[in-house]
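Okay, thanks for having me. Let me put the structure up and then walk you through it.

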Amino acid sequence: MDTLRFSELSIAQYHPQILAALGNTFGHTVKIDETTLQVQRGEYARVTIEVDFSQPLRHSVELDGVTLRVAYEGLPQLCFHYGQVGHADAACPQRPPPTDDRSMQKEGDATALLGKTPPDVAKEPRH
């Protein structure tokens, strides 16, 4: 089981049927947080679901024409590149390695990113 956090809902969408339907798009809704049902916080809604880890995990759902992002509270290493648990996006074995040589340059080296050599400032006349 895991708890989902929906942070972009309007107060009108804090209805038990809506919250259960949202949870069911990510798994099977087990319960809705009591604080959420009482709309005491209003910053986010929490819904506990049973997660089927054999299926790719979703990171958003559309409701009333708005895409809502969701946070999984209990999954420490979650890869949305292919929707599995066990490693983070940055360490995904399915993600192709960067092919751009410029990504290997030192941080802050703008001349390397531009592919230019700066002019010799000492030889230019100053005004």
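I'll start with the sheet and the helix, then move on to the aromatic rings.

Just so everyone knows, this is a predicted model. What we have is an open sheet of five strands, antiparallel in its pairing, with the order E2-E3-E1-E5-E4. Strands E2 (28–32) and E4 (60–63) are the edges, so to speak: each pairs on one side only. On average, neighbouring strands are turned by 35° against each other, ignoring direction.

Then there's helix H1, residues 16–24, which packs on that sheet and touches E1, E2, E3, E4 and E5. Its direction makes about 140° with that of E2.

Let's look at E1 and E5. Strand E1, residues 2–6, and strand E5, residues 66–72, run antiparallel and are joined by three bridges. Arg-5, for instance, has Ala-71 in E5 as its bridge partner. The charged end of Arg-5, meanwhile, sits over the ring of Tyr-44, 4.6 Å from the ring centre.

Now, the rings. There are two aromatic pairs here. Phe-6 and Phe-26 are edge-to-face, 5.8 Å centre to centre with 65° between the planes. Phe-6 is in strand E1 and Phe-26 in the loop between H1 and E2, 20 residues apart. Phe-26 also pairs edge-to-face with Tyr-72, at 6.4 Å and 80°. Tyr-72 is in strand E5, so this pair ties together parts that are 46 residues apart in sequence.

So which residues do the ring pairs link into a cluster? Phe-6, Phe-26 and Tyr-72. Phe-6 counts as buried, at 0% relative accessibility, and Phe-26 and Tyr-72 are buried too. Last one: Arg-58 has its charged end over the ring of Phe-26, 5.4 Å from the centre.

How values were computed:
Residues are numbered from 1 along each chain as its sequence is written. This is a predicted model: local features need pLDDT of at least 70, side-chain atom pairs count only at pLDDT 80 or more; totals for chains, interfaces and linings use all residues. Side-chain values use heavy atoms; hydrogens and water are left out. Two strands pair if DSSP finds at least two bridges between them. Helices (H or I, at least four residues) and strands (E, at least two) are DSSP runs, numbered from the N terminus. Axes are lines fitted to C-alpha atoms, for helices over the stretch in contact, and angles run from 0 to 180 degrees between N-to-C directions. Contact means heavy atoms within 4.5 Å. Rings of Phe, Tyr and Trp (its six-membered ring) pair if their centres lie within 6.5 Å; planes under 30 degrees apart count as stacked, over 60 as edge-to-face and the rest as tilted. Buried means under 20% relative accessible area, exposed over 50%, partly exposed in between (1.4 Å probe, protein chains only). A charge sits over a ring if NZ of Lys or CZ of Arg is within 6 Å of the ring centre and within 35 degrees of the ring normal.
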